[in-house]
Amino acid sequence: MSAPAESKAPERFPDDDLPIIDAHHHYWDLSLRKHPWLIDAPVPGHRYGDYRAFCVDFWPEDYARAVGRHRIVGNVYMEAEWDHDDPIGETRWIHDLAARTGFPHAMIAQAWLDRDDVAEVLAAQAQFELVRAIRHKPRGVARWQDWTPGHGLPGSMLCPRYREGYARLADHDLHFELQTPYWHLPDAADLARAFPHILMVINHAGVPGDRDPDTLRRWRAAMAEVATCPNVMVKISGLGVPGEAWTRESNDYVVRETIALFGAERCMFASNFPVDGLFRSLEGIFDDFKAITAGLAPADRLRLFHDNAKAVYRLT
C-alpha cells in the first residue's frame, strides 16, 4: 500500500504579511430592497456595461473568503447607491452590521449636496461613529467631446448649489469622495482650489476608461491638472474595462502613472469589490497591485497599501 499523499501547504509569497487596508468596497443585502440599481433593470450606460453578475448578496464573510491569503487589517465601506430618499438608513444598516460582525471599520456615507436637506443630512451623518466622508457623484456629460470649461451644469462640481453643500463638509470634519469620468477632473481641480481646507479623494484612479493611447493621454493630462492641488488624494481601484480582460499588463500604466503624478504619499489601493469581481478575483486584484509596485521602496508600498488609508479614515 502506498503511503498517503502529504497535504500541500498553501503557497506563500515574500509580501504576504504586508498589511492592507482596503479603502473602498461594498456590502449589500438585496432582500432589503434598498438598492434599486441592483434589484431593478440594470442602469443604462453603466460604465461596466452588463453588471448583473454581481447583483447578489455580499456580506463580510463573503469578503473574508474572497481575499485569500492577503493580510487585510482594515475595511472601508463605500456608500452603494442605497435608496436616495433614505441616506441615513444605509448608515444605520452599516453600523448594525459592524456591531454584529466587526466590519467595516469606517465608511463613506451618502448625502446629496445640492438638495434642500443637505445641512440636516450632513449633521446626522456626522453623528455616526464610523462616518468619515461623503460621496455624491456629480452630474456630468457622457463623452469627453461634450465637456467644455465653465459649463456650469446644474448638479455638477461647477454648480453654485452643489458648492454650497460641499462647503458644509468642513463644518463636520468630513472629507469628499469623488467619482467622475476623467474629462470632468478639471472641474474637480477647480473645486479643490476653491476649498483648499477640504480633502478630496478621487475614486477609481480618475476613471480612465479604455486603454486606447489617446484616451490614456487625455486621462493623464486631466490627472496631472488635479494633482497640482495638494488637498487631493487618489484611490487606485475600479480599473475594469468592459469587454476586455483584466491583466496586470493592461493596468500597469494607470497604476504607475497615478503614483508618479500624485506621489506614494497621496495614493492608496482599494478593491472596489464586489463590483470589480466582474473582471478579477479579490485575491488577484491585490496580487496585481503588489506585483506592479514590487520595485518601490518598502516605506512607499506601506503608504500605498496601509498607512495613507489609516490616516485618511482615522483608523486605530
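1. Accessible areas here come from the Shrake-Rupley method with a 1.4 Å probe; for residues, only the protein chains shown count as cover. On that basis the protein exposes about 14,000 Å². Carbon and sulfur atoms supply 53% of this area.

2. This is a predicted model: local features need pLDDT of at least 70, side-chain atom pairs count only at pLDDT 80 or more, and totals for chains, interfaces and linings use all residues. Residues are numbered from 1 along each chain as its sequence is written, and side-chain values use heavy atoms, leaving out hydrogens and water.

3. The protein has 10 helices and eight strands. These are DSSP runs, numbered from the N terminus (helices: H or I, at least four residues; strands: E, at least two).

4. Buried residues make up 53% of the 316 residues. Buried means under 20% relative accessible area (1.4 Å probe, protein chains only).

5. Helix H6 (residues 185–194) meets helix H7 (residues 213–227): their axes come within 8 Å and cross at roughly 0 degrees. Axes are lines fitted to C-alpha atoms, for helices over the stretch in contact, and angles run from 0 to 180 degrees between N-to-C directions. H6 and H7 are therefore roughly parallel to each other (angles under 35 degrees count as such).

6. H6 brings Leu185, Pro186, Ala188, Ala189 and Arg193 to this contact, and H7 brings Ala222, Met223, Glu225 and Val226. Contact means heavy atoms within 4.5 Å.

7. Among contacts in the protein between residues at least 6 apart in sequence, 80% join residues at least 24 apart.

8. Along its principal axes, the C-alpha trace spans about 80 × 45 × 40 Å.

How values were computed. Parallel < 35°, antiparallel > 145°, perpendicular 65-115°, else oblique. Buried < 20%, exposed > 50% of the residue type's maximum accessible area, 1.4 Å probe, protein only.
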